Amino acid sequence: MVLSPKVYTWLCGLFASLGSIIFGYDLGVIAGVLSATDFIDTMGSRFNDPNLEGLITSILLLGCFAGMFPVAYFADTLGRRNTIQIGALVYMLGGALQTGARNMDMIWAGRFFAGFGIGIMADLAPLYQFMLGIGAFAASWITYGTSAGLKGTQAEWRIPLGIQIIPAVPLFAFILLLPESPRWLAEKGRFDEAAKTLAKLHAHGNVNDPFVVSQMEDIKAEIQKATEIGSVSWGELLTDSSNLRRVSLGYILQFSVQMTATRVLLFQSINSVIALIGEACCVLWVDNTGRRLPLIIGNVASGLSFVVGSILMARWPGTVNNNAAHYIFIITTWIFNFFFSACIGPLSWAYPAEIYSTRTRAKATAVTSSASWISNFFIAQVTPVAFSHIGWKYYLVFAICGHTNALFVWAFYPETTGRRLEEMDALFHDAPLFVANTPYANKQDRHLAEKELREGTFVPGDLSERAGYTIDEEKDSYERHEHMN
């Protein structure tokens, strides 16, 4: 049976997203493991130190942070598929160390190496929040099952930790069956392979399809421009104003996600189901709603959830026997979880991946993605201390940050829906710093870029909305843009 390009592309992304299941599972499994009595006994007396116990959870995030930086070199040198294999291999080593741990040092080492592998895979494999939710959902029920049926035995915690290795095995073994990134192939001068890959993904294998021909022309133009400029350095991400702007927006967006308190409210059971529903909604809606609107709505909903939570915690603390207040608080966490999963979580990874040129993408995404891991670690370390010192007032931080996040997105983030990756340089060159109430804040026709490519009316590297110009006007605009660069 011959698969349609859309189905083939979807299946490729779905398989590569096993990395998301791995990440979600690792985030969820450790909560069930830490409470196992045999695990506590195996870890020894040092487990009684809250800081050392907390490090078991947070050192995974430090590993993720460390894994983000070598991935930029590996991805540009070895390609995306081989680099994902390296990440999966390192992750399996970490999982094995955790499963066979005899003391806290082995658990720390295993969690760090697992995080290092996740950091590599998260930067390259599509991080589908929906698949991440499936991983967390599986972890919550697996740890529940082992705690109920194997309580007090080593199997209670070693089985859940061992299961984390399973998704990484097919990812490592079969990732080479997936197509390599056509942009990476083109960068290496392998244009025929790049064209064949694009044709398989978009045109039933027809390399002469107008869409494939136009896409290759667009890619070649960007590579030619990158060749004239030279290879990107880490410093250029900070010294070039357009690159600095994009890195800043990506970094702030990734950091802001943790300031919605998704790591403070630890979800299990029903919340895992709500998260899956929200993530499915994001998949269905995001191309119709654009990127900006869900981020704004989701952050406002997050902020309001914590306003309600702060009031409830201040007026009726958890020790008070008031069932109505408790139920309202639980429902509020459900509302927060839905909007986070439908609006904030998925787009915090999608938006930064869309805004960089091929030349800068590997290094720039490594920097911006590292913000997620370091902010995760920061919140994980600060939260227990904050709750012990200021209690419910800690919720006010997230109530405020939810609204400031929404305001910042409204003011400074250009809309990227429906745009080609090759036009991002032009978009961030043309868009003003303050984009609210400008055309760059509006969602364009999500099919416009594809239509231009299929009809051959695009100008390489230029913005899709200029399709309304005559060809001569488009070329003049493109030449002016090139001259200014």
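In the predicted model, Phe 306, Phe 329, Phe 336, Phe 340, Phe 387, Tyr 394, Tyr 395 and Phe 398 are joined into a cluster by ring pairs. Rings of Phe, Tyr and Trp (its six-membered ring) are taken to pair if their centres lie within 6.5 Å, with planes under 30 degrees apart classed as stacked, over 60 as edge-to-face and the rest as tilted. The model is predicted, with local features requiring pLDDT of at least 70 and side-chain atom pairs counting only at pLDDT 80 or more, whereas totals for chains, interfaces and linings use all residues. Numbering runs from 1 along each chain as its sequence is written, and side-chain values use heavy atoms, hydrogens and water being left out.

In total, 22 aromatic pairs are present. One of them, formed by Phe 306 and Phe 336, is edge-to-face, with 5.5 Å centre to centre and 85° between the planes. Because Phe 306 belongs to helix H16 (residues 292–315) and Phe 336 to helix H17 (residues 323–354), this pair ties together parts 30 residues apart in sequence; helices are DSSP runs of H or I of at least four residues, numbered from the N terminus. Both Phe 306 and Phe 336 are buried (under 20% relative accessible area, with exposed over 50% and partly exposed in between; 1.4 Å probe, protein chains only).

A tilted pair is formed by Phe 408 and Phe 412, at 4.7 Å centre to centre and 50° between the planes. These residues are four apart in helix H19 (residues 394–412), and are therefore separated by about one helical turn. Phe 408 counts as partly exposed at 29% relative accessibility, as does Phe 412 at 25%.

Notes:
Helix = DSSP H or I, 4+ residues; strand = E, 2+ residues; numbered from the N terminus.
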